[in-house]
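Visitor: I would like to go through this structure by its contacts. Could you show it to me?

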Protein chains: 2
Amino acid sequence: MSKINKDLEKKFGSKKIKFDSETLIEYGQDWYKGIEPDPQAIFFPETAKDIQEIIYFAKKKGLKLLPSGGRTGLSGGATAVCKEIVVSMKNLNEINWIKGSHRLKCQAGVITETAKSMAKEKSRILPIDFSSTSSSMIGGNVATNAAGAKFIGYGSTKNHVRNMTVILPNGEITPLGKVAEKDASGPDLMELFIGSEGVFGFILDVTFETYPEPKFSESICLNADSLDDLYKIIQEPSDIISAIEFLDLNSQLLLSNEAPSKYEVLIELNSDSEDKIEYFLRDVVEKVSDVNLLNSRQTKLFWEKRELLPVKLSEMGAVKFDFCVDKLSTEKFMNEVEMNISKAKIFNFGHLGDGNIHLNIIFEEQNDEQVSVVYEILKSFGGSPSAEHGIGKRKKGIWNTFPQYKQKLKLLETLKKSIDPDEIIAPKVFFDN
Amino acid sequence: MSKINKDLEKKFGSKKIKFDSETLIEYGQDWYKGIEPDPQAIFFPETAKDIQEIIYFAKKKGLKLLPSGGRTGLSGGATAVCKEIVVSMKNLNEINWIKGSHRLKCQAGVITETAKSMAKEKSRILPIDFSSTSSSMIGGNVATNAAGAKFIGYGSTKNHVRNMTVILPNGEITPLGKVAEKDASGPDLMELFIGSEGVFGFILDVTFETYPEPKFSESICLNADSLDDLYKIIQEPSDIISAIEFLDLNSQLLLSNEAPSKYEVLIELNSDSEDKIEYFLRDVVEKVSDVNLLNSRQTKLFWEKRELLPVKLSEMGAVKFDFCVDKLSTEKFMNEVEMNISKAKIFNFGHLGDGNIHLNIIFEEQNDEQVSVVYEILKSFGGSPSAEHGIGKRKKGIWNTFPQYKQKLKLLETLKKSIDPDEIIAPKVFFDN
């Protein structure tokens, strides 16, 4: 055992700090497997003080730390690359209602699904929805500002965060967020940590707003050969739309023998008013021709198909992109990619209402040049290379070539240097240094 | 004319830079008159380049700059206190719709009312509502994150900002905000500038979301001797409530010979669904006894009274507080203040639905000790000393005594030092140095 590891074990005890290869492999990386993990050790703090202690230790010994949650990220943000001590938040998993409110206070290590279930027990919803809710953790959700199929109706994680406690790289425990409902005392610095991917410190706990469950739900399915009609609905979405998902022809045919049209689109409606849903449906029938109300079994089937798709495509070795373009330009964007990529099979699906396309390409042979072409097309559309999954260590080299982000990146680097001058926490994230 | 002023005039010309006493007085301060203004000069840039030039000039000569908008602030944020060159944004007042969207791009010097009217012309609303909309400017609104009577329904300015261009203290023009609708690429650094009161740089332009006009509106008036019943409505406000305003007994009697009860409360309802309003009204009648539907004349009269109140109280020399406490503790807070303040007349009114009380006190003789007592009570309620009007130079000495903000202030100072290491822009705001 190295001198550092001996010191770590002496200080924190063998329950909290691990060096065995099994733990190193399991906790050294997230779901993105394109980066070889290289952790020094895995630390399992049980209190805020444990985190402060590891910060002081790291500072003294010149070590690096990497916050880690459910490791469901897809950008390598939680993959150790330079002998970081991975700090798993999984034992910091207290969850409580704030008395006299509809707010749920979760420590970083609470599983997303646990928080959602706790809300449901009180007939409330925490509208954070993505396929990894059964293993992703609250701290990681906030740190990537995770969003999913319900973005169009409820926004991203950011929209539900009310308060937060963070531990800064200097070890200071810092409560952030608004003190009162209406609080015009300086900028809301909590915002810095939403989407921060850990670079500004540890998220210790997060307080979420919850919402009443909608009384009525319906889902409709549209089949169309062009998205023109749909854009009439998407342009100014009704407040009762909670999801608009789509599968293109290749995606449909991957899961089924037949596809009635080029695009299969599901629109999910939620409201307290049956009339509002009724009115919406009447309006849609006027705008779009081929539309069907789904029963609950059909709805469930659609979502199962939708969830299965990325898994299948992963197995088939697809190169996955997580893009967002202007929602009214999605079809134009997809056509542009198709026209410029050859010797490949292209799959498009995802969150049409937000312009968030999960583009998957199976190349005949892996082709970096063609990948670059895809990103150049995205740039020309003024889009984001990461709609949902963050930048991490995977996309930083791409991100910094986007002219739209050039100035933001410079400012982000200035802020990082001021909050974490020794770059102790989450090194090698965002910046290509 | 001093050497500095001669250099300024030589560089920028007498149209853009002024030193005459009339201009110095007019542009040297905001609506808060408790601080003696002391500007070096007033600068009227016409382009972003002008702002860059004044930054480089200030850096070279060791001068300070102070961004200034409509000067309707009430915290002395735009009052020059140490020979700053006041930079009035009034000539940067372009306003345009973003093509193919419902978004309005406003330069910092656009008058709030102009932006609201432009939205109205397209049957849209920009729900920023406060009494100074006819002279306040967009840059200042965003820099104080101004809110008003419609906070409960629409949030503060922050909720409507989609993008922003800022000029940093190093002169760099920096576009911020999300590149695409769904953009998980790092934290949204635009948030730093919302409520920044200018300390991080100049807000050059802001892009706002606008919303469809609601189809139906009603206002109801409630008279009550206790707020208990009302709390049932406030606890989880319906999404059709756009304002809940109240006047206490003293406030009512200042404007009228009679007051039917201790509290007069107006609830404004807005919805696309007449049924929803109808349902709400039926529900209110069950919860609260003395409730009346107002006709449009009565509604107008209430708002006129409400607007007149702060003006009258100013004339009478009231000490004004802009507090927010937990919305369900407003009555308890008001009682606590009344019990602990003597030889004074107390007036409470404001935005009950948000817990935002405009407490006004007319002391028999100005009494700093009693003012401190009020702030101590606020602290014990965990409230904010500035719900709407910002910290500026006026409240920084109070703000830094609030334990709730201690850590935030430290982090804010770290960020200020990193973005503006020479403290060129908006010195003496926030920090009591």
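Visitor: By about how much of the helix are Lys49(A) and Glu53(A) separated in helix H3 of chain A?

Guide: This is a predicted model. The side chains of Lys49(A) and Glu53(A) meet in a salt bridge, 3.4 Å from N to O. Both belong to helix H3 (residues 48-61) of chain A and are four residues apart, so their separation is about one helical turn.

Visitor: How many salt bridges does the structure hold over all chains?

Guide: Side chains of opposite charge can pair when their charged atoms come close. The cut-off applied here is 4 Å between a side-chain nitrogen of Lys or Arg and a carboxyl oxygen of Asp or Glu. Over all chains, the number of salt bridges is 56.

Visitor: Which residue of chain A meets Lys182(B) in a salt bridge?

Guide: The rule finds eight salt bridges across the interface of chain B and chain A. In one of the salt bridges, at 3.3 Å from N to O, the side chain of Lys182(B) meets that of Asp354(A).

Visitor: What area do chain B and chain A bury between them?

Guide: The size of an interface is often given as the accessible area lost when the parts come together. Here the contact takes 65 residues from chain B and 66 residues from chain A. Carbon and sulfur atoms carry 60% of the buried area, which is about 5,100 Å².

Visitor: Which three residues supply more of the area that chain B buries against chain A than any other three?

Guide: The contact takes 65 residues from chain B. A share of 16% of the area chain B buries comes from three of its residues, more than from any other three: Lys182(B), Ala184(B) and Pro187(B).

Visitor: Which element gives the largest share of the side of chain B that touches chain A?

Guide: Across this interface the rule finds 32 residue pairs in polar contact. On the chain B side, strand S9 (173-177) and helix H14 (406-419) each supply at least two residues. The residues of that side divide into 26 nonpolar, 22 polar and 17 charged. The largest share, nine residues, comes from H14(B).

Visitor: What kind of axis relates the two copies?

Guide: Chain B can be laid on chain A with an RMSD of 0.0 Å, using a turn of 180° and a shift of 0.0 Å along the axis. The two copies are thus related as by a two-fold rotation axis.

Visitor: Which residue of chain B comes closest to the rotation axis?

Guide: Of the interface residues of chain B, 100% are also interface residues in chain A, so the copies meet through the same surface. At 2.9 Å by its C-alpha, the residue of chain B that comes closest to the axis is Ser418(B).

Visitor: How far apart do the C-alpha centres of domain 1 and domain 2 of chain A lie?

Guide: Chain A is divided into domain 1 (102-212) and domain 2 (216-380). Eight residues of domain 1 of chain A are in contact with 13 residues of domain 2 of chain A. The C-alpha centres of these domains lie apart by 28 Å.

Visitor: With which residue does Lys150(A) form a salt bridge?

Guide: Domain 1 and domain 2 of chain A bury about 750 Å² between them. Ala149(A), Lys150(A) and Ile152(A) supply 65% of the area that domain 1 of chain A buries there. The rule finds one salt bridge across this interface. With its closest N and O atoms 3.5 Å apart, Lys150(A) forms a salt bridge with Glu268(A).

Technical notes:
Residues are numbered from 1 along each chain as its sequence is written. Chains are lettered from A and ligands numbered from 1 in the order in which they are written. This is a predicted model: local features need pLDDT of at least 70, side-chain atom pairs count only at pLDDT 80 or more; totals for chains, interfaces and linings use all residues. Side-chain values use heavy atoms; hydrogens and water are left out. Contact means heavy atoms within 4.5 Å. Buried area is the accessible area (1.4 Å probe) that two parts lose on being put together, summed over both. A polar contact is a pair of N or O atoms within 3.5 Å; within protein, one must be able to donate a hydrogen and the other to accept it, and residues adjacent in sequence count only if both atoms are side-chain atoms. Ala, Val, Leu, Ile, Met, Phe, Trp, Tyr, Cys and Pro count as nonpolar, Asp, Glu, Lys and Arg as charged, and the others, Gly among them, as polar. Domain bounds come from an automatic or database domain assignment. Copies are superposed by least squares on the C-alpha atoms of residues with pLDDT of at least 70 in both.
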